[in-house]
Amino acid sequence: MSAARNAWLPTSTYSILGLLSYAPELSGFEVKKWADLSLRFFYASPATSQIYRELEKLEAAGLAASRVVPGESARSKRAYRITDTGRAELKRWVEEAPVEPPMLRDSMVLRAWLGHVADPERLRELLAEHRRRLEEALEGLRRLEESSAVDPHFAFPELIARWGEHQTAAAIDGVDLLVEGVARIADAES
């Protein structure tokens, strides 16, 4: 993996490098935990196996460094930190990478789009479940905002949590619109 001056790493790689930028050191387990607590609300939380692969690639490219931390038991762990080169590359990506078009990726919306092959009542049940999950995500974002607000170092994560709350509230409104639409279409077909 090379971060040649005009080449860009995959966005998921920058997300992991970005997580390293928030702490002096993180283990792969901690990177996963932090991703699950933050990235999942607005990008994607990578799988544990992907995190460890990316950490190894980041280290090989000189964007991260690691050390073995002896454990309390016979097991030790590897702690990673962002290097100065990694911080410079992360800054370059944040400031210079082309802005990608936004992509809505919601499997329940895809399923609603295919509603013509589904029972309308079942589709409404699925949308209700989706709405509940969005409400849970909204609550998680509120907790993230509250926990980020206590440390000025996390001002930007707090801002993104607020953005996520707005987006999730809009998604809940969108689900309500879909439920109404499914009912309207079902009524028209009966």
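Predicted model: local features only at pLDDT ≥ 70, side-chain atom pairs only at ≥ 80, totals over all residues.
Figure 1. Glu125 is partly exposed, with a relative accessible area of 40%. Its salt-bridge partner is Arg122, at an N to O distance of 3.1 Å; Arg122 is likewise partly exposed, at 43% relative accessibility. Elsewhere, salt bridges with shared partners link Arg131, Glu135 and Asp176 into one network. A salt bridge of 2.8 Å (N to O) joins the side chains of Arg124 and Glu121, which are also 3 residues apart in helix α6. Relative accessibility is 23% for Arg124 and 39% for Glu121, so both count as partly exposed. The structure holds 11 salt bridges.

**Figure 2. The buried side of helix α2 (residues 28-37).** Gly28, Val31, Lys32 and Ala35 are the buried residues of this helix. They lie on the same side of α2 because they span an arc of only 100 degrees around the axis. These residues pack against α1 (11-20), β1 (26-27), α3 (48-60) and β3 (77-82). Lys32, with a relative accessible area of 18%, forms a salt bridge to Asp36 (3.0 Å, N to O). Asp36 is partly exposed at 29%.

**Figure 3. Lining of the second largest pocket.** The volume of this pocket is about 270 Å³. Among its 14 lining residues, Gly115, Leu123, Gly181, Val182 and Ile185 are the closest to the centre. Helices α6 (120-149) and α7 (155-189) each supply at least two lining residues, and α7 provides the largest share, 8 residues. By type, the lining comprises 9 nonpolar, 3 polar and 2 charged residues.

Key
Residues numbered from 1 in each chain as written. Heavy atoms only, no water. 1 Å grid on protein atoms, 1.4 Å probe; cavity = no way out; pocket = protein on both sides within 12 Å on 5 of 7 lines; lining within 4 Å. Points joined across faces, edges and corners; volume = space filled by probe spheres on them. Helix = DSSP H or I, 4+ residues; strand = E, 2+ residues; numbered from the N terminus. Nonpolar A, V, L, I, M, F, W, Y, C, P; charged D, E, K, R; others polar. Buried < 20%, exposed > 50% of the residue type's maximum accessible area, 1.4 Å probe, protein only. Arc of directions from axis to C-beta. Contact = heavy atoms within 4.5 Å. Salt bridge = Lys/Arg side-chain N within 4 Å of Asp/Glu carboxyl O.
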